[in-house]
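User: I'd like to learn how to read strand pairing and core packing in a model. Could you walk me through it?

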Amino acid sequence: DVAGDFLSVYTGSRDAAFDVLSADVSYNAATNEFVFRTTAAGAIAGVNGAAYVFGLDVGGPTVAPFASVGLPDAIFNTTVTLRANGTAGVGATPITQQIVGNQIFSTVSASLLPSRGLAPKDYTWTVWSIDSNVAGLGRLADFAPDANIKVTAVPEPATYGMLLAGLGMLGMVARRRPRSED
């Protein structure tokens with residue numbers, strides 16, 4: 001995401017912590033956990049009012065409340081919120097998070113994000129930063145991405161095992177091949 005691209009409706013603090021540069025949501029089927037991560041343009045810890053809201057579509061009916069600010073494809077039916085003050089939650093359920101410099105992240109059990117029709121690996125998401133000191137649409141600082149994208153699936157351990165076995169076989173074939181004399 002481009003630095004300094006605050007939404008035109010935003011009336012909150014211009015602190016760099018509100019400017020989302022990148023974000024990612026990954027799902028690990030082996031542990032049945034999601035990792036939510038956002039990188040901002042500036043340090044996050046303790047920035048008054050800074051929060052990052054991940055909107056997820058887990059299947060079923062969704063809302064699209066941001067069409068009026070030019071983001072009709074930001075749809076969701078579940079939220080995960082990570083705050084600069086050290087608190088976080090899935091809806092009203094508290095979760096733990098970590099802040100390191102300009103990154104904020106949390107590992108969340110899939111049991112806290114129950115499906116309403118999609119497999120966890122097929123959930124889609126978007127993230128937006130807000131200034132919680134501001135009311136209404138004026139609190140929306142930045143979106144990244146501007147429309148929902150699919151979670152990143154973490155390869156299962158068996159996938160790595162098969163990759164290593166294949167590389168081992170290639171190594172054996174290469175080793176047994178007769179070498180030509182030059």
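**Strand β9 and its surroundings**

Analyst: Happy to. β9 pairs with strand β10 (residues 140-143) in the antiparallel sense, over three bridges. Keep in mind that this is a predicted model.

User: Which residue is the bridge partner of serine 129 in β10?

Analyst: That's aspartate 142.

User: How many bridges join strand β3 to β9?

Analyst: Eight, and β3 (residues 50-57) and β9 run antiparallel. Look for phenylalanine 54, which sits opposite valine 127 in β9. There's also strand β11 (residues 149-150), which pairs with β9 through two antiparallel bridges. Over there, tryptophan 125 faces isoleucine 149.

User: Why is β9 described as largely enclosed by the rest of the structure?

Analyst: Buried means under 20% relative accessible area. Eight of the eight residues in β9 (residues 124-131) are buried, so the strand is largely enclosed by the rest of the structure. Check both faces: Thr124, Thr126, Trp128 and Ile130 are buried on one side, and Trp125, Val127, Ser129 and Asp131 are buried on the other.

User: And how do I read the core?

Analyst: The general idea is that in soluble globular proteins, nonpolar side chains tend to be buried together. Here, the largest nonpolar core has 33 residues, and Phe34, Phe36, Tyr52, Phe54 and Val80 touch the most other members. Elements giving two or more residues to this core include β1 (20-28), β2 (33-40), β3 and β9.

User: Which element gives the most to this core?

Analyst: β3, with four residues. Then look for a second, separate core of 12 residues, which includes Leu7, Phe66, Val69 and Trp128.

Technical notes. Residues numbered from 1 in each chain as written. Predicted model: local features only at pLDDT ≥ 70, side-chain atom pairs only at ≥ 80, totals over all residues. Heavy atoms only, no water. Buried < 20%, exposed > 50% of the residue type's maximum accessible area, 1.4 Å probe, protein only. Pairing = 2+ DSSP bridges. Core = buried A, V, L, I, M, F, W, Y, C linked by side-chain atoms within 4.5 Å.
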